[in-house]
Amino acid sequence: MALNSIKDGVMDTWLHFRTGNDRNDQTCLYIESNSNPKSKGEMMPRSSLPPKNDNSIRFVVISDTHTRHHSLGILPEGDVFVHSGDILMSTRFWSSQGRRQKYEEFNNWLGSDAIQCPNKIIVGGN
């Protein structure tokens, strides 16, 4: 068990270096469905997002968080949250206990106030 803890600690250190967890980018891609169909949306600060319209469905979509989901802060209010893969950097490098701990941390984050969407869809893998 101690060997697994050391291995998982090394993985955490490597992952922190590899993904640059200190970057806290507060921009997002906003696409409005009733806008110009040729529009590819626009990048904007989260603080500039228009309020959620009660007569629409807002999807909040993220991916490739690689165990750094906490660095996203509080996500925009929406109806459906989608995490479309790459929750961990790689599952094969952590011990089974380490993987379980990472998934439990992610699951706890899903239930936190950071995600303001009543419906959640999680895609495993890529």
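Trp-109 is buried, with a relative accessible area of 3%, where buried means under 20% relative accessible area with a 1.4 Å probe and protein chains only. The model is predicted, so local features need pLDDT of at least 70 and side-chain atom pairs count only at pLDDT 80 or more, while totals for chains, interfaces and linings use all residues. Residues are numbered from 1 along each chain as its sequence is written, and side-chain values use heavy atoms, without hydrogens and water.

**Aromatic pairs**
- Two aromatic pairs are found in a search of the whole structure; rings of Phe, Tyr and Trp (its six-membered ring) pair if their centres lie within 6.5 Å, with planes under 30 degrees apart counted as stacked, over 60 as edge-to-face and the rest as tilted.
- The rings of Phe-81 and Trp-109 are edge-to-face, because their centres are 5.9 Å apart and their planes stand at 75°.
- This pair links distant parts of the chain, with Phe-81 in strand β4 (residues 80-83) and Trp-109 in helix α2, 28 residues apart.
- Phe-81 is buried, at a relative accessible area of 0%.
- The rings of Phe-106 and Trp-109 have centres 5.6 Å apart and planes at 40°, so this pair is tilted.
- Helix α2 holds both Phe-106 and Trp-109, three residues apart, about one turn of the helix.
- Ring pairs join Phe-81, Phe-106 and Trp-109 into a cluster.

**Contacts of Trp-109**
- Not counting residues up to four places away in sequence, Trp-109 touches Ile-62, His-69, His-70, Leu-72, Leu-75, Phe-81, Ala-114 and Ile-115 (contact means heavy atoms within 4.5 Å).

Conventions
Helices (H or I, at least four residues) and strands (E, at least two) are DSSP runs, numbered from the N terminus. Buried means under 20% relative accessible area, exposed over 50%, partly exposed in between (1.4 Å probe, protein chains only).
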